[in-house]
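Me: I have some questions about the words used for a protein model. Please answer each one from the definition.

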Amino acid sequence: METRYFIRFFTIISIAFFIFGCSTSTAHRITNLRSSSVINTPVHNSSHHLTDTPLHPLDPLTVPEINKIRSILSAFEPFSSSFPSINTLSLDEPDKSQVLGWKPGEQLPTRRASVESVLDGQTHLLTVDLDIGVVTRHVVSIGSGYPMLTTEDQTTALEVLYSDLEFNKSILARGVDFNDLVCGSSSPGWYGADKEGKRIVKVQCFSGQNTPNYYMRPIEGLTATGDVDKREVVKITDTGRSIPIPKETNTDYLYSTRSQFPEPNPMSMEQPKGPSFIVENGHIVKWANWVFHIRPDIRAGMIISQAMIHAENGEYRSVMYKGFASEVFVPYMDPDEAWYFKTYMDAGEYGLGATAMALLELNDCPRYSYYMDGVFASADGRPFIRPNMICIFERYAGDIGWRHSEIPVMGFDIRESRPKVTLVARMVASVGNYDYIFDWEFQTDGVIRIKVCVVLFRGRHKQIVTLITQLKMC
């Protein structure tokens with residue numbers, strides 16, 4: 001990809017936060033252009049941080065609950081003979097008034113799940129009531145708008161393409177070895193009225209010869225349009241055979257292969273008495289003068305709810321009811337046939353939780369971090385674990401939180417300096433060749449600092465864009 005495309009991306013990237021404010025067997029390799037497949041951890045390997053029983057109205061769906069939802073859908077008449085593909089399954093939150101009125105120890109409000117599924121080319125939107133074990137809402141979506149693609153959907157699109165004679169001739173003509181071929185499908189899009197209501201995707205390919213960074217070696221001018229539900233290639237655009245594939249020189253970003261520059265000596269923050277925050281019931285975080293609820297989410301990645309700060313009257317004051325990344329919008333804005341459709345919505349189309357990676361201890365998160373797993377549903381409705389998806393830790397960067405000194409001549413010997421220690425909730429989503437690092441930082445002065453760092457590798461070099469916003473106590 002050329003530099004100008006990256007400049008455009010970094011100039012116009014928009015990351016919005018939605019906050020309810022102060023309240024009361026083939027040689028080909030398969031990938032997704034924005035979301036590579038991630039190995040899911042089987043449920044039996046779940047960590048001790050998971051619980052089989054929800055203890056708060058906003059707790060995520062548990063493994064038993066997801067299994068129950070699958071059983072309910074299996075008995076639901078439209079799906080009794082053929083189980084649908086589950087594209088998204090998440091908690092359908094209770095009304096805000098119910099959440100605010102609930103007290104620990106009381107019975108939880110009705111537990112419900114929101115489901116998007118596809119069967120026989122139709123998108124079904126459902127609400128499942130877990131308390132009574134029935135589907136209470138069922139709508140068949142008509143018109144534009146499509147759920148996230150499952151891994152099976154992506155595989156289908158590519159398998160159909162790999163069997164297409166015209167496509168294979170083009171790959172051979174370009175001199176690409178099929179063992180080095182890496183192809184991926186983007187999300188479904190709208191490509192004309194005659195394709196309305198169909199899940200149409202664009203597929204593009206790369207050469208992974210001698211480099212793990214195949215995004216730097218695109219096969220320009222070759223774009224396939226496919227119908228996921230009909231399992232057929234609709235159109236192949238092949239206009240760039242004269243465009244050479246970039247060389248693999250200096251594209252390998254792996255630490256073990258790049259030039260070795262002097263590295264800083266290792267550092268470690270020690271907490272002899274251990275961390276000063278606690279996590280109750282798996283999702284309630286208490287630290288300093290803060291308390292809030294946190295949960296993993298398939299779409300938003302990480303949701304912070306009911307963030308409250310200790311007030312002077314001894315009670316907790318609400319700062320934020322709910323906060324999460326609503327969308328990560330990445331429009332490339334190039335009218336070329338092979339580029340115009342690249343207007344990604346990385347949260348809604350691929351899922352920040354679905355693309356979240358297991359965090360690496362001591363590198364992604366410091367010592368004494370608390371790790372939280374994500375529990376999601378696969379395309380067949382069965383639960384799987386995304387381990388170490390979120391980490392929570394205290395941070396001290398050498399900043400001063402407060403200080404004052406008095407001149408001794410005035411009779412006062414005061415030299416006081418207080419370190420600025422903050423609490424951070426972090427997750428990382430790897431959407432294609434973009435790594436999004438999300439930090440929610442809680443400060444003792446009532447400020448929530450939201451930081452999103454976007455890391456994109458171009459060969460051995462990295463470009464970083466950081467967005468920072470703050471939410472202050474009202």
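Reply: Begin with contact, which means heavy atoms within 4.5 Å. In this predicted model, helix H2 (residues 63-75) lies across S3, strand S4 (112-119), S5 and S6. H2 runs at about 120 degrees to S5.

Me: What makes S5 and S6 a pair of strands?
Reply: Two strands pair if there are at least two bridges between them. Strand S5 (residues 122-129) and S6 have 7 bridges, in the antiparallel sense, so by the definition they pair. At one place in S6, Arg-137 is the bridge partner of Thr-127.

Me: Why are S3 and S6 called edge strands?
Reply: The open sheet has 4 strands in the order S3-S4-S5-S6, with antiparallel pairing. Strand S3 (85-92) and strand S6 (134-141) each pair on one side only. From one strand to the next, the twist averages 20 degrees.

Me: Which residues of H5 are called buried, and what puts them on the same side of H5?
Reply: Buried means under 20% relative accessible area. In helix H5 (residues 165-173), Phe-167, Asn-168, Ser-170 and Ile-171 are buried. They cover an arc of only 160 degrees around the axis, so they lie on the same side of H5. On the other side, Leu-165, Lys-169 and Leu-172 are exposed, and exposed means over 50%.

Me: What covers the buried residues of H5?
Reply: The cover includes helix H4 (151-162) and strands S7 (181-185), S8 (200-207), S9 (218-227) and S10 (232-238).

Definitions and conventions. Residues numbered from 1 in each chain as written. Predicted model: local features only at pLDDT ≥ 70, side-chain atom pairs only at ≥ 80, totals over all residues. Heavy atoms only, no water. Helix = DSSP H or I, 4+ residues; strand = E, 2+ residues; numbered from the N terminus. Axes fitted to C-alpha atoms, helices over the stretch in contact; angles between N-to-C directions. Buried < 20%, exposed > 50% of the residue type's maximum accessible area, 1.4 Å probe, protein only. Arc of directions from axis to C-beta.
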